[in-house]
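Here is a short tour of one model, written to be read with the coordinates open. Let's begin with its charged side chains.

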Amino acid sequence: SLSAIRSILSEHDGIEATRSEDNINMAVSYLIIVRLMTTVIMSPLGGVLADGFDRRKLMIALDLLGAAVAWMFVLAVTVYRSVTLIYIAAFLQEVLGGLYEPSRSAILPLMTNNNEEQMKKATILCGMAWSAVAAFGSAAGGFLVAMIGIKECFVVDSLTYVVSAIFMMFVGEGNWNVAKSQHEGENGERRAEPLRFMVKNMLMELTEYLTTASFTPIILFKFSVLWLTLDVVNVSLSERDGVDESTAAFRLGLLFGSVGIGCFIGPLVAEEYTSMEEPKTLQAACVVSVWIAAIGCLCMGFPHLPFWLLCVLTGLRSTGVSALWINSSLILQKFCTPDMLGRVSSIDLALALMAESATATVAGLLEDKAGLSPEQVCLSVGFWGITMSVAWTIFHRQGGGVALKPAKSFFSEEGDHKVES
């Protein structure tokens, strides 16, 4: 949940820091692209580190580095007043985030002793924690920016990294290293491969693994539908009706809060209808989630909607996106071997964020260059979501992915096989 707090605070405060730019939508788009694409580039390396080193120690080290980087935002908005420095700070923060996230995702099965039901509950709880922070943290962020200033918010952001590192220290010692890319030395001791060879070999191993895994289409599933995330449009909607800057900041907090509430509801509802013993229910939940998100996005395209209804529809859209994210993650955790999970999770994250980054680019261009209203952008993205919903419904109904797969996992010898190096 602390990783969610810092993510939400950084994103919300970073957006607020760019409000002085003339082309606000493109400025926000550039900020989001810097954040997302950096994670896309760095997450595969993060996956290699997660599978090659002690995940707990790696997370602690990255947390402490993140606390230092957060202070660059303070310098950017108070001393230098530079949007360029904000971009640089966002870049460095997302470098660390890209390295951190695969370890965070892959450590869950280890913390639950590879018990599927506990793993499901832990994944849902993590999603709910993120959602609660997004719901209340973003709304509080809007209040704090308006009341006490953006500098203090970035100070809080830095503190969350420190607290997260302390919490991971209390997790204690354990088998947090699942590395297989090692060999015996002359005296029988374990000796690690040189880093550059380890990275190359582990990425080649990942490529071979994904070409044979039954869950690979689920990764592409996320990539094709996460265009339904619309942070740039949230900024435009918050400024509608000619409101002043403080009101716009408050409204932006409410919209991000609606995202969090939707993310909280989605996994809870889906949990009632899914089972780790029946993989097809997890994939069916993903398909239904896409329909929900697409319909929510499409309805946001109707003109002259009251702001409260926009918040409701934003929540509906996020309900679908969050249920898709959680259930697709459960599929990966079920069928992926522990020593590959860090790398698989990193590719999953990278492709998903590429879709979100593309959305930020397209939405910003459509608003600032093509002159489309935010409602027209929502309609365009909504129609794309409906198209993808139809395509993936057909895929599921025809038995694609894990729709017809028995309840096997890496716990059984018949699960998706591990590629030998």
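## A salt bridge across the chain

In this predicted model, the side chains of Asp 51 and Arg 343 meet in a salt bridge, with N and O 2.7 Å apart. The term stands for a side-chain nitrogen of Lys or Arg within 4 Å of a carboxyl oxygen of Asp or Glu. This pair connects distant parts of the chain: Asp 51 sits in helix 2 and Arg 343 in helix 13 (residues 338–368), 292 residues apart. Helices here are DSSP runs of H or I with at least four residues, strands are E runs of at least two, and both are numbered from the N terminus.

Both Asp 51 and Arg 343 are buried, where buried means under 20% relative accessible area, exposed means over 50%, and partly exposed lies in between (1.4 Å probe, protein chains only).

## The network around Asp 51

Asp 51 also pairs with Arg 55, and the closest N and O atoms of that salt bridge are 2.8 Å apart. Arg 55 and Asp 51 are both buried. Taken together, Asp 51, Arg 55, Glu 205 and Arg 343 are linked in a network of salt bridges.

## Lys 334 and Glu 116

How many salt bridges does the rule give? The count comes to 5. One further pair to look at is Lys 334 with Glu 116, whose side chains meet at 3.1 Å, N to O. Here too, distant parts of the chain are linked: Lys 334 belongs to helix 12 (residues 307–335) and Glu 116 to helix 5 (residues 116–147), 218 residues apart.

Are these two partners buried or exposed? Lys 334 counts as buried because its relative accessibility is 1%, and Glu 116 counts as buried because its value is 11%.

## Ser 43 in helix 2

Helix 2 spans residues 24–52 and also holds Ser 43. With a relative accessible area of 0%, Ser 43 is buried. Beyond its neighbours within four places in sequence, Ser 43 is in contact (heavy atoms within 4.5 Å) with Gly 98, Pro 102, Ser 346, Leu 349 and Ala 350.

## The chain as a whole

The protein chain has 14 helices and 2 strands. Of its 421 residues, 57% are buried. Among contacts between residues at least 6 apart in sequence, 84% join residues at least 24 apart.

## How to read the values

Residues are numbered from 1 along each chain as its sequence is written, and side-chain values use heavy atoms, leaving out hydrogens and water. As the model is predicted, local features need pLDDT of at least 70 and side-chain atom pairs count only at pLDDT 80 or more, while totals for chains, interfaces and linings use all residues.
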